[in-house]
Amino acid sequence: MQQGNLRRAYEAGLNYARDPQGWLLFSGGYGCGKTHLAAAIANYRLDHGQPAVFVVVPDLLDHLRGAYSPRSDTSYDERFAEVRDCPLLILDDLGTESNTSWADEKLFQIFNYRYNARLPTVVTTNHELEEIDPRIRSRLTSTDLVRWMPIVAPDYRASGIDSTQSELSSLGQHTEQTFLTFTIEREDLDTEGQGNLLRVARAAHEFAEQPYGWLVLTGTYGCGKTHLAASIANHQLGKRRSALFVVVPDLLDHLRATFNPQSPISYDKLFDQVRRAPLLVLDDLGTESATAWAKEKLYQLFNYRYNARLPTVITTSREIDDLDPRLRSRLLDPARCQIWLIKAPAFRGAQPGAAYRGARSQAHGRRRRP
């Protein structure tokens, strides 16, 4: 998944370097390669005798401020016009500048001018688009001019942090929950109930074999949805692939804890680790405190993974209609997400000869792909 995403970003950058048209937006976490690709575009154009300006946004604002100095060799108007009118402008690290009214105004003037003139522009950012000035965001989200390439590769400088070893993950508490230990033939279920449980188990097993899109498991407490979600994650680990299993209220607690000055990890780094996980399992959605902050963080997480098409498993005891409308709109997209309701009541016991064997020959259900 990550290799394919990085390949698409590379090809987008190369094609743009050959023929800069419109705008190209690279977003992603620290060290994912977006600045490398942006600089490569600039170097490609320069190597071919074409002009290009590459500038880090905070540095750009410092240069503009410096032009007000009486000792400056260049006037503010000249320096501003040089950036605003250049044939190809590459703005690196948008969102890391100080959010003063002056800085916001100067950046908007640049974005607005180049947007109206349709001048080729490349932008990189570590931030969610929702965190960027609304006036600039409206330009960056213009689908007729801007191609957005979210990059989900991990920080190549971080020596390969394994998401399965993250303190976020509670998968260690579910090591015995696999497809082989999932009970199908229950004495408290009739034929229809057992059939429903078997169909859901098959869908989960198929997803585990080839994670694609989103899988949502719903049902009452103790019906088996967490067991199946953990089975998917454990199946991936058995194939030496990464999977992050996290309970939603615990995730929000970990994010809040990063605001403590003594936290060993920053909020941005922790949030990036979650939103860019190759496979993310979110257990117990809907049991978190429904504060405005919690809703916003979950929406940012859902929106990023939805746009980046990252495999995601979600369990919830809530009715889908009762979830935040912004989350619900992602879950109800049939091209990206399959929803399975487990009709079985709560079950905690085990019965001899009642395990789902998960044989590949049983998984005949069709997959819906975008």
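The following legends describe close-up views of a predicted model.

**View 1. The open five-stranded sheet.**
This sheet is open and consists of 5 strands, which pair in parallel and follow the order β2-β3-β4-β1-β5. Its edge strands are β2 (53-56) and β5 (146-151), each of which pairs on one side only. From one strand to the next, the twist averages 15°. Strand β3 (residues 89-94) is joined to strand β4 (residues 121-125) by 4 bridges, and these two strands run parallel. Within this pair, L91 stands opposite V123 in β4.

**View 2. Helices α2 and α5 against the sheet.**
Helix α5 (residues 101-117) packs on the sheet and touches β1, β3 and β4. The direction of α5 makes about 140° with that of β3. Helix α2 (residues 34-47) lies across β1 (23-28), β2, β3, β4 and β5. Relative to β1, helix α2 runs at about 155°.

**View 3. Two loop arginines with positive phi.**
R118 is placed in the loop between α5 and β4. Although R118 is not a glycine, its phi is positive, at about 55°. The relative accessible area of R118 is 45%, so this residue is classed as partly exposed. R309 is placed in the loop between α11 and β9. R309 likewise has a positive phi of about 55° without being a glycine. With a relative accessible area of 43%, R309 is partly exposed.

**View 4. Helix α7 and its surroundings.**
Helix α7 (residues 191-209) comprises 19 residues. From its first C-alpha to its last, α7 reaches 27 Å, close to the 27 Å expected at 1.5 Å a residue. At the start of α7, a side-chain oxygen of D190 comes to within 3.2 Å of the backbone nitrogen of E192. The buried residues of α7 are G193, G195, N196, L197, V200, A201, A203, A204, H205, E206, F207 and A208.

N196 is found in helix α7. Its relative accessibility is 6%, under the 20% limit, and N196 therefore counts as buried. Apart from neighbours within four places in sequence, N196 is in contact with L341, I342, K343 and A344.

**View 5. The largest nonpolar core.**
The largest nonpolar core contains 29 residues, of which L251, L280, L282, L285, F302, I314 and L331 touch the most other members. At least two residues of this core are supplied by each of β6, β7 (244-247), α9 (248-257), α10 (267-275), β8 (280-285), α11 (292-308) and α12 (325-331). Helix α11 provides the largest share, with 6 residues. L251 touches L168, V246, V274, L282 and L301, when residues up to four places away in sequence are not counted. In soluble globular proteins, nonpolar side chains tend to be buried together.

**View 6. Strand β8 between its pairing partners.**
Strand β8 pairs with β7 in the parallel sense over 4 bridges. V247 stands opposite D283 in β8. Strand β8 also pairs with β9 in the parallel sense, over 4 bridges. L280 stands opposite T312 in β9. Because 5 of the 6 residues of β8 are buried, this strand is largely enclosed by the rest of the structure. Strands of a sheet pair through backbone hydrogen bonds, either parallel or antiparallel.

V246 lies in strand β7. The relative accessible area of V246 is 0%, so this residue is buried. Leaving out neighbours within four places in sequence, V246 is in contact with L168, S170, L251, L280, V281, L282 and D283. Between V246 and D284 there are 9.0 Å in space, C-alpha to C-alpha, while the two residues are 38 residues apart in sequence.

Notes
Residues numbered from 1 in each chain as written. Predicted model: local features only at pLDDT ≥ 70, side-chain atom pairs only at ≥ 80, totals over all residues. Heavy atoms only, no water. Pairing = 2+ DSSP bridges. Axes fitted to C-alpha atoms, helices over the stretch in contact; angles between N-to-C directions. Contact = heavy atoms within 4.5 Å. Expected span 1.5 Å × (residues − 1). Buried < 20%, exposed > 50% of the residue type's maximum accessible area, 1.4 Å probe, protein only. Polar contact = N/O pair within 3.5 Å; in protein donor to acceptor, adjacent residues only side chain to side chain. Core = buried A, V, L, I, M, F, W, Y, C linked by side-chain atoms within 4.5 Å.
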